[in-house]
Amino acid sequence: MNNIIIIGTGLAGYTLAREFRKLDKETPLTLITADDGRFYSKPMLSNALASCRSPDSLASSDAAQMAAQLNATVVTHARVTAIDAQQRSVTVNDETLFYEKLVLALGADPVKSTLAGDAVGEALSVNDLQDYAQFHAALQGKKHIAIMGAGLIGCEFANDLISAGYTVDVIDPGQHPLGSLLPKAAGEALQQALQTLGVGWHFGKKVTAINHDKEGYRLSLSDSSELEAHVVLSAIGLKPRVDLAQAAGIKVNRGIIVDRLLMTSAPDIYALGDCAEVGGMVLPFVMPLMQAARALAATLSGTPVAVSYPAMPVVIKTPAYPIILSASPLHTGYEWQTSICHEGVLRGHYYDKADQLQGFVLTGKATAEKSSLLATLPAWL
């Protein structure tokens, strides 16, 4: 009988398994994970503090419960060290497992900072539940948090931390929050909203060194200024995990390259989620993952379905200044057209050369316009 192995039990791996079981109840299914295999919603990690959620409370099911729900084998605390595409096997904790179809749901790693200082290795990143547990523990009895990076994760954590009563400073080389995603006016409005709550912003600067200080850490900045903090959170980006695939001879670029069926360059090996590059796009967001999981589940069950990406919005979890963004990753160099309506909320739109709406940003009460605008946007894939 055919068997399927999924490497990874994050949102991508478990969502695929659930979608597959809707279509195929019996094919042997094995999920392999380096952690404890608990199921949790990763987007909740950056807004759990203000609601006093502990790490354990974020997990809805443990590995045994997931295995029972999925009629699957979930192998925990196991690391896949090699893939043999010709032999259709993977090496797991020095043992060999064979597959008929293999799915890489490997996720992404936080970009590591290359800084000076005797405490640079103590900067924390939050990319999974175990990371969050470590961060949560580090916060106990502490007050002042420094965040490196004013991107999506940095801003969401800044809002969550300041709402939970911490003192927060954010350092970023750009000129406003979410500089790679938002038009300047929206970024500055978010900056002002969080600044009103107490967030300290340090733009146009980089952290150059992290050293131990008597009560925590001393951060040296590129303008020769310094900051003190009890905990340092690094949120400077994510990098798709491609090393395992690359070592197996599978083609990679920014991510693991897959076609519309989500198949890699190796037969019967697929990839989805944060590690996959589809149509030149690496999209580390929930909605593309869901689209991919449904399509791949059908393909694995015997009915090939090409993944399609409609225009997909990103809800930025900053309650101080609600934002919904839909910006096509295929269009670059566009100019936002922004306006402020009478309620004081901001809208932004951008169009292609044919005057076709290609993206929007909505804030505050204007977020209610999401559905009507989405209906006018062309599909991404």
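Colleague: What should I know about the ground rules?
Modeller: It's a predicted model, so local features need pLDDT of at least 70 and side-chain atom pairs count only at pLDDT 80 or more, while totals for chains, interfaces and linings use all residues. Residues are numbered from 1 along each chain as its sequence is written, and side-chain values use heavy atoms, with hydrogens and water left out.

Colleague: Okay, how many residues are in the largest nonpolar core?
Modeller: 68, with Leu104 and Leu272 having the most contacts inside it. A nonpolar core here is a set of buried Ala, Val, Leu, Ile, Met, Phe, Trp, Tyr and Cys residues joined through side-chain atoms within 4.5 Å. Helix 8 (residues 286-300) gives the largest share, 7 residues; helices are DSSP runs of H or I, at least four residues, and strands are runs of E, at least two, numbered from the N terminus.

Colleague: Is Ile83 buried or exposed?
Modeller: Buried, because its relative accessibility is 10%; the cut-offs are under 20% for buried, over 50% for exposed and partly exposed in between, with a 1.4 Å probe and protein chains only.

Colleague: Which residues does Ile83 touch?
Modeller: Leaving out residues up to four places away in sequence, Leu104 and Ile269 are among them; contact means heavy atoms within 4.5 Å.
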